[in-house]
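Take a look at the chain below. A short walk through a few of its parts follows.

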Amino acid sequence: MKPTYLTEKSINAFIAAALAEDVGDGDHSSLAAIPADAQNQARLLVKGEGVLAGVELAGYIFKAVDPELQLDVLMHDGDRMKYGDVAFTVKGKAQSILTAERLVLNCMQRMSGIATYTNYMAGLIAGTGAKLLDTRKTTPNFRLMEKWAVVIGGGHNHRFGLYDMIMLKDNHVDYAGGVREAITATQKYLQEKGKDLKIEIETRNLQEVREALETGGIHRIMLDNMSTEVMREAVAMIGGKYEVEASGGITEETIRAVAECGVDFISVGALTHSNRSIDLSLKAF
C-alpha cells in the first residue's frame, strides 16, 4: 500500500515546482532544434545494478509535461535491475520527451540509489524482527521522493516531518531541563492543544532510560549512540513496555549486532543522505 503522503496532489505539486525550476519560460533547446510536429521514442536504459525506483513517478512527470506521451512500462518499482535492462519506453512528441528527460532521470537515479542501499541494509537485519527506518535527514523539497524510495527498497518511514509525531531529542531534553521535564511539558502541550501525537524520547544512557520509564506516558524510547552491551541492558530494563528504537552512527558493520540486541526499530540517516545514485539514461531509438 502506498504511503499516505503520496497523493496525486502532493506528487503533482512536486512536479510542478521541479518543472518550473528547470523549464522556466520554455525548453528553448528543444523548441529551437526540433520541429513542433516531430514524433519520436526513447527508452530508459539501466547502466548499473540494484533496485529500480521512480517508474511510477516517471509516469506522472511525462503526463504533466504532455498528456499525450505514451509510456510502455517494462519494469516496475522494486524490481531488481542490471546493466543493459530497459525499464520503459516512451513515445510521442519529441519536444515533450526532451523536456521531461532530465527531471525523470534526476528523480529515478536518486530514488534507485536510495532503494538499492535501503534494500541492502534491510537484508543485513533480516530475521531479527527489527525494522529499518529512515530519518528527516533528507534533501529539502525532495523528501517525498526519498522517503518513497525507502519504502520501495523495503524500509519503513519514520515520521514524515515535525508535525506528525513528537520526537524529543537530546537538545529538547537539555533545553527543557531533563527527560522528565521534557515529557511532562509535552504531555501538557498535547492536552492543551487537543492533539493526538505519539511521543518518542531520545535517551543517551541508562539513567535517562530509567527516568523515561518512571515518567511514562510515551510510546517509544530511542537509544542513541549506545554500545550494544548498554543497549541490551536498556532493552531488558524497558521490558516490552514501550517500543525501542536504536539510532546514532549505525553502519553496515554494526547494524546486525544492534538488531540482535532486541530493539524494534533501527533508524539510519545514511539511507537518504549518504548513498550513490544509480546511473540511468534516456536514449532515442
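Predicted model: local features only at pLDDT ≥ 70, side-chain atom pairs only at ≥ 80, totals over all residues.

Start with the record. UniProt lists residues 114-283 as "domain: Quinolinate phosphoribosyl transferase C-terminal", in an unreviewed entry. In the model, that span is 43% helix and 16% strand. Its end C-alpha atoms lie 23 Å apart.

Now find T135. This residue is in the loop that links β6 (131-133) to α5 (143-152). Is T135 buried or exposed? Its relative accessibility is 15%. Buried means under 20%, so T135 counts as buried. Its side chain has a polar atom 3.0 Å from the backbone nitrogen of K137. T135 also has contacts beyond its sequence neighbours within four places: K147, S267, V268 and G269.

Move on to α5 itself, the helix at the end of that loop. Its partner here is helix α1, residues 8-23. The two axes come within 10 Å of each other. They cross at roughly 125 degrees.

Which residues meet where α1 and α5 touch? From α1 come S10, I11 and F14. From α5 come L144, M145 and W148. By class, this contact has five nonpolar residues, one polar residue and no charged ones.

Terms used
Residues numbered from 1 in each chain as written. Heavy atoms only, no water. Helix = DSSP H or I, 4+ residues; strand = E, 2+ residues; numbered from the N terminus. Buried < 20%, exposed > 50% of the residue type's maximum accessible area, 1.4 Å probe, protein only. Polar contact = N/O pair within 3.5 Å; in protein donor to acceptor, adjacent residues only side chain to side chain. Contact = heavy atoms within 4.5 Å. UniProt positions renumbered as here; feature names shortened; annotations may be inferred. Axes fitted to C-alpha atoms, helices over the stretch in contact; angles between N-to-C directions. Nonpolar A, V, L, I, M, F, W, Y, C, P; charged D, E, K, R; others polar.
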